[in-house]
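Please look over the model below. A short report on selected local features goes with it.

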Amino acid sequence: MSLTITDNKLIVSPPNSESPIVAQHIGIKPRSVGSFYMSDISKEVLNWFNLGNNKYYIDFTRTLLSIEKIAGYVILKEREALFREKLKPQVEIIDNIRSSNTFYSYIEVPEPVILSNRKYFKLDTENEASKLIYDLLIGDCCNVVFKKLGDNVVVIYLDARNNFKETIDNSFNLKL
């Protein structure tokens, strides 16, 4: 997993095993870590989050545009069979969000949860909006972005990786 920190962004590029099972591509044992490793920069990550002092929001508009781009490409290339659930849960989530008032709004969510060993953090999937974002995290194809807006606001969204088409076309090394 790659984790990048700038002044206003923390970008997590999780591997397939850190995506939910329903969003993983085939080729690994179906299990999910469910959290993101902070590696040797945990102190910087904790400082960046400034826990207890920020409000966190999910940007569903930006997330859905990215996930639709990835899912659309998978469908165009007829590669749905590469994914455990053929992206059906993600398409259903997209349809549900689009048909609700959620699509055009920021939804407040709890701050990320730091696990007791202080080496991992995760989205609070007990919260419905956070769980939706997590369930949309397509294995090896998107990043989780935490972006600071001002002093005390962090927006969370999923963003298609620059190389997601190449990953879908070549990197899974699976024959359909």
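## Basis

This is a predicted model.

## The E1–E2 hairpin

Strand E1 spans residues 2–5, and strand E2 spans residues 9–13. The two pair in the antiparallel sense, over four bridges. Three residues lie between E1 and E2, which form a hairpin.

## Helix H4

Helix H4 runs over residues 128–135. Its buried residues are Ala129, Ser130, Ile133, Tyr134 and Asp135. An α-helix has 3.6 residues a turn, so residues three or four places apart point the same way.

The start of H4 has a side-chain to backbone approach. There, a side-chain oxygen of Asn127 comes to within 3.1 Å of the backbone nitrogen of Ala129.

## Asn143

Asn143 sits in strand E8, residues 142–148. Its relative accessibility is 12%, so Asn143 counts as buried, the cut-off being under 20%.

Leaving aside neighbours within four places in sequence, Asn143 contacts Ile11, Val12, Ser13 and Pro14, along with Tyr157, Leu158, Asp159 and Arg161. With Arg161 there is also a polar contact: the two side chains are joined at 3.1 Å.

Pro30 is 113 residues from Asn143 in sequence. In space, their C-alpha atoms are 20 Å apart.

Note on methods
Residues numbered from 1 in each chain as written. Predicted model: local features only at pLDDT ≥ 70, side-chain atom pairs only at ≥ 80, totals over all residues. Heavy atoms only, no water. Pairing = 2+ DSSP bridges. Buried < 20%, exposed > 50% of the residue type's maximum accessible area, 1.4 Å probe, protein only. Polar contact = N/O pair within 3.5 Å; in protein donor to acceptor, adjacent residues only side chain to side chain. Contact = heavy atoms within 4.5 Å.
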